[in-house]
Amino acid sequence: MRDTGPPGEPVIEAKDLGLTFDTNDGPVHALTGVNLTIEKGDFVSFIGPSGCGKTTFLRCVAALEHPTSGTLTVNGMSPDDARQRRAYGYVFQAAGLYPWRTIAGNVKLPLEIMGFSKAEQDERVRNVLSLVDLDGFGKKYPWQLSGGMQQRASIARALAFDADILLMDEPFGALDEIVRDRLNEELLKLWARTGKTIGFVTHSIPEAVYLSTKIVVMSPRPGRITDVIDSPLPRDRPLDIRDSAEFIEVAHRVREGLRAGHGYDE
Amino acid sequence: MNRLVPILTVVAAIVAIWYVATVGMNAQWARDQAARAGVELSFGEIVADTLAQERPVLPAPHQVAAELWKLTWVEETTGRRGIVKSGTLSNRSLVYHGWLTLSATALGFAIGTGLGFLLAVGIVHNRAMDLSVMPWAIASQTIPILAIAPMIIVVLASVGLTGIVPKAVISAYLSFFPVVVGMVKGLRSPEVAQLDLLRTYSASAAQVFWKLRLPASLPYLFASMKVGIAAALVGAIVGELPVQQGGLGARLLAGSYYGQTAQIWAALFTAAILAALLVGAVGATERAVLRRLGMAQ
């Protein structure tokens, strides 16, 4: 029920990807030699300390940054073309809802810009709001909702135009742990129901291990991938899976990868 | 009620200080008159005299209030040229002059706000304008308006524009500036993440403007408009000073020519009341618009 298209098909492919920013203090190597293939239906987490390039990689996929070397394809085309074809929805750390629009109005924003008909806009808004469990909140304004509900609304906004890929940049980073746990659980359900490919940036090891089928461990200076872990955990994950031996083992490997890459001797 | 008490306290304090100042500043005249007549005045007599002089240095609050009443209600209802008897506003009343100033202010404010808005949109969207317009806008405000107002009036008169237009131009000259500054800030207020979000939708510059920048700038626009409308009123009054064809500015200058201090103060108060009403009207519009947009909590 999860996968609508053929699973295992590469969706995002990076080959020897590099991005160098020219700053006043000389070049900054935000990404170097990144090789990564993300397959359809994957839930991929990017984890690493600040400056490791995890957000930069996601922004490259979204064509918000442009790589200076190597190749990157999204659905077999350039990130810019993929964006034109509405390949992905992006969720930022801050929900970033417009205070002058209702929740329904916020979810409608991409649909208005992309020129959906009025009837289809309303239909889609209703569907995605129920997908993130916000039925009946469409007429509320953002300030009337809690932080967690606002972030759910921003996920609904990213889902509204039915992109295959969901890119999430520390979406739950600003929320407390209790809310975060619930949203993580809901995100897994949403992923199972929609079969989206998800790229997820996080600082949290338990979050990365709990959510992902593939964990990409990154390290800074220069930003690079140090380890790619294919999770042995089943796709169906109750919250208490986090107490299992397998979970702890994966978390341990992530931590080791972070420690090795971080280079305390630098 | 909770707001009324502090406001009334401040008003009462101002009135009290004013009365004390009235006695102090007008006492010399009372004493001089008494000396000339060869009589000695007691303190009580001096106080009574200072509060009822015909041409005081500083008129007492009740004299200003009486003058205001006389030049508005009394003039219009019972005066020969008042609206009741002649069908048109009397050219002696502050209703008439206040209306002249108000109409010039409104026209000038509309021009200034529109111009400021357009300049701000240009500055935010065009790099050449960004680099070139702001220094000129700032420079324009460093020139004393009293110096440039007569030139504007003369230049416009030479091309046949007199009456309300030159005054409105001076109003606009003063009121466009706060709108430019506030709107540039407002149009640039959306965070990078919000602009990135619209980029992920491949939104056009026009869509970014109408859906994000403009609504985000509204609170800034209203704050600027409150400053702008007060400046527009000052501009209209300054524009009336050299022309002497009616308006509160003309009344201020005429009052000072003839030593009619009560008339000056009455005109000043009319201007102050107008300013309060105008700023209040902008504030009411702001609340209505922001509530309509769900931005007022």
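This is a predicted model: local features need pLDDT of at least 70, side-chain atom pairs count only at pLDDT 80 or more; totals for chains, interfaces and linings use all residues.
Reader: What is the volume of the largest pocket?

Author: The largest pocket has a volume of about 250 Å³.

Reader: Which residues are closest to its centre?

Author: The lining has 16 residues. The closest to the pocket's centre are A:Ala95, A:Gly96, A:Leu97, B:Glu191 and B:Gln194.

Reader: Which elements give two or more residues to that lining?

Author: Two or more residues come from helix 5 (147-159) of chain A, and likewise from helix 9 (192-200) of chain B.

Reader: Which one gives the most?

Author: Helix 9 of chain B does, with 3 residues.

Reader: How many of the lining residues are nonpolar, polar or charged?

Author: The lining has 10 nonpolar residues, 4 polar ones and 2 charged ones.

Reader: New topic, the sheet in chain A. What order do the strands take?

Author: The order is 2-1-4. These 3 strands form an open sheet, and their pairing is antiparallel.

Reader: Which strands stand at the edges?

Author: Strand 2 (26-39) and strand 4 (69-74) of chain A. Each has a single partner strand, so one side of each has no neighbour in the sheet.

Reader: How are neighbouring strands turned against each other?

Author: By 20° on average, direction ignored.

Reader: Back to strand 4 of chain A. Over how many bridges does strand 1 pair with strand 4?

Author: Strand 1 (residues 10-23) and strand 4 of chain A pair over 5 bridges, in the antiparallel sense.

Reader: Which residue in strand 4 is the bridge partner of A:Ile12?

Author: In strand 4 of chain A, that partner is A:Val74.

Methods: Residues are numbered from 1 along each chain as its sequence is written. Chains are lettered from A and ligands numbered from 1 in the order in which they are written. Side-chain values use heavy atoms; hydrogens and water are left out. On a 1 Å grid over the protein atoms alone, a cavity is a set of points where a 1.4 Å probe fits but cannot get out, and a pocket is an open set with protein on both sides within 12 Å along at least five of seven lines; lining residues have an atom within 4 Å of a point. Grid points are joined across faces, edges and corners, and a volume is the space filled by probe spheres set on the points. Helices (H or I, at least four residues) and strands (E, at least two) are DSSP runs, numbered from the N terminus. Ala, Val, Leu, Ile, Met, Phe, Trp, Tyr, Cys and Pro count as nonpolar, Asp, Glu, Lys and Arg as charged, and the others, Gly among them, as polar. Two strands pair if DSSP finds at least two bridges between them. Axes are lines fitted to C-alpha atoms, for helices over the stretch in contact, and angles run from 0 to 180 degrees between N-to-C directions.
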